[in-house]
Amino acid sequence: PFPHAPQKLANMVKLEPSTTVAWAAILLSTSPLIAVSGFSSIHNHLQVTHTSSSSLASSVQQVLRRRPLAQLSRLHSLTEDDEETTSDESPSGSSKREMLKFAIPALGIYLTNPLLSNIDNAFVGRTVGPAGLAALSPATLCVDQAFYLFSFLSRAATGLVSRAYATKREDGKTGGNLEAAREAASPPLTMSLICGAALSLMYAFCTPALLTKLNVDPRLTTSATSYIHWRGAISWAALAQSVCLSLFMATRDAITPLKIIAGAAVFNIIGDALLCVWPLNAGCGGAAAATALATLLSSGWMVKSLRDGGLLPKLRIPTKKEMGDLLEFTGPLLAITFVRMAGFMNMQKSAMSLGVESLAGYQLCINLLVFFILFGEPLSQIGQTKLPSLIDAKDKDQVKATYKSILVLSTIASLGVGAVAYLTALFGSGVFSSNVGVQAVAQTTAPSLFFAVVATVMGIAVDGCMMASRDFGFMLVNGIVGFLLQAKLLQYTSSISGIFASFTARLSMYTVLAVGRTAFGFNTIGRVMTADKEVPASSFL
């Protein structure tokens, strides 16, 4: 559908030979037609960059004997940054190449958890049937949405650490300040453990009340309770792991956490087979137990890697200033996250009113949505980690190049990923359920799922830029308006397809207004990009 896209992309980005296969993999994951028809075009237009390769090799050889893996990953990132600043590349080309080097492993990280959720669905759907799959819907709502509510801690950690990491080191050089990054991560890590412990206690004593409040079908209560108890018991580890992951990402190391998450994923799949199928045949509880054990493994592994890399924060009560800096992020982010979570809860309640079979189909489709929209997360992380220091430095050219690159790549990715999501729901629903009725629900929802994925991938990428700009007021007001709009639309829906259509309307409104707000210079990032233009003092929404 886009015959000239491969050539244009190749002209915009300069790739090293070792990146050719990875770039082809990105295109394959976003749009198979583009990748197959244009691979030879990309290969012919590759421009190989040879800058200081011998000096880099000698430096790596000297450091290999005394630097752990996490530090080596950051050393490579910093060395590449130094080379790019002295090369003749345009800001746009340099920005896109950096993005690809960060985005490829980051994509693997963010896709792992939803991929495992879909694997859980497949195990439960095949062994327990539609009732087990339907039970996962309220159970994951109680657990995953609560974790999502506390995601403001990891987002705050990303903002605080990325700015601290870009400050001057003791040797006077700018960037790569591990000590400052470690200190900045201490308050959110401490708070994540406190909040996680409180969540674990809540799940231990309040799960029956939660399910009653959600009007869960009594036939599903036992399975849902078992799932929530297992997942809820390790809430403290899950929240701490999300902050540790943000610390890795903010210091430009996506390789180390990718290896950790991949190892835990393999462990989780083996656990699903042993606990959910044979020999224990524990159903929903077995799937939750496998996920809980894998979370403990990955959390401990991350802590060890951070300690080896000199980045492990100390657990301590934050000072008054640190709490102020943390609350500057967490206050508005908590409100924003709560509003967004409320929208998901409304969708869930609407689906629950349509019967067990429709609810099972909704669970299948919502897990596909969560999986595919995370293709936008690496671009969001780039916005959150790269843009803050550029905005603080008022580097107009780099800010504009980075923002433009995020928009271009997210547009291409959203269309390709949306198409794959559509085909998966249309032809692959049988993998997750053998029930014909559930498969029919997924197939009829496929077109709505396509538009929902496209709108959300774009929205997630733009959201990272808004976070970097600290445009929390706009995000909150827009979130409330979008929530009210979606709630009104849900009153007129009588199908799973209509539920996803309401979600698309909400995300589309946010993305369009956010891009327009930035383009006209109504927020910090927009004012930096339009510094030589006269910008109105007022703002909208």
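Me: What does "buried" mean here, and on what kind of model does the term rest?

Reply: A residue is buried when its relative accessible area is under 20%, exposed when over 50%, and partly exposed in between, with a 1.4 Å probe and protein chains only. The model is predicted: local features need pLDDT of at least 70 and side-chain atom pairs count only at pLDDT 80 or more, while totals for chains, interfaces and linings use all residues. Residues are numbered from 1 along each chain as its sequence is written, and side-chain values use heavy atoms, with hydrogens and water left out.

Me: Which residues of α19 are buried?

Reply: They are F472, F474, M475, N478, G479, G482, Q486 and L490. Seen down the axis of α19, these buried residues fall within an arc of 135°, so they line one face of the helix; the arc is that of the directions from the helix axis to the C-beta atoms.

Me: What covers the buried residues of α19?

Reply: Cover is read from contacts, meaning heavy atoms within 4.5 Å. For α19, the cover includes α14 (320–352), α18 (436–468) and α20 (496–519).

Me: How many residues does α19 have, and what is its span?

Reply: Helices are DSSP runs (H or I, at least four residues), as are strands (E, at least two), numbered from the N terminus. The expected span of a helix is 1.5 Å times one less than its number of residues. Helix α19 (residues 472–490) has 19 residues and reaches 26 Å from first C-alpha to last, close to the expected 27 Å. The protein as a whole has 21 helices and zero strands.

Me: Is T190 buried or exposed, and which residues does T190 touch?

Reply: T190 lies in helix α9 (residues 178–213) and counts as buried, at 9% relative accessibility. Leaving aside residues up to four places away in sequence, T190 touches K314, L315 and R316. A polar contact is a pair of N or O atoms within 3.5 Å; within protein, one must be able to donate a hydrogen and the other to accept it, and residues adjacent in sequence count only if both atoms are side-chain atoms. The side chain of T190 reaches the backbone oxygen of R316 at 3.2 Å.

Me: How many disulfides does the structure hold?

Reply: A disulfide is a covalent bond between the sulfur atoms of two cysteines, assigned here to a pair of cysteine sulfur atoms within 2.5 Å. The structure holds zero disulfides. For C276, the nearest cysteine sulfur, that of C284, is 7.3 Å away. C276 is buried at 0% relative accessibility.
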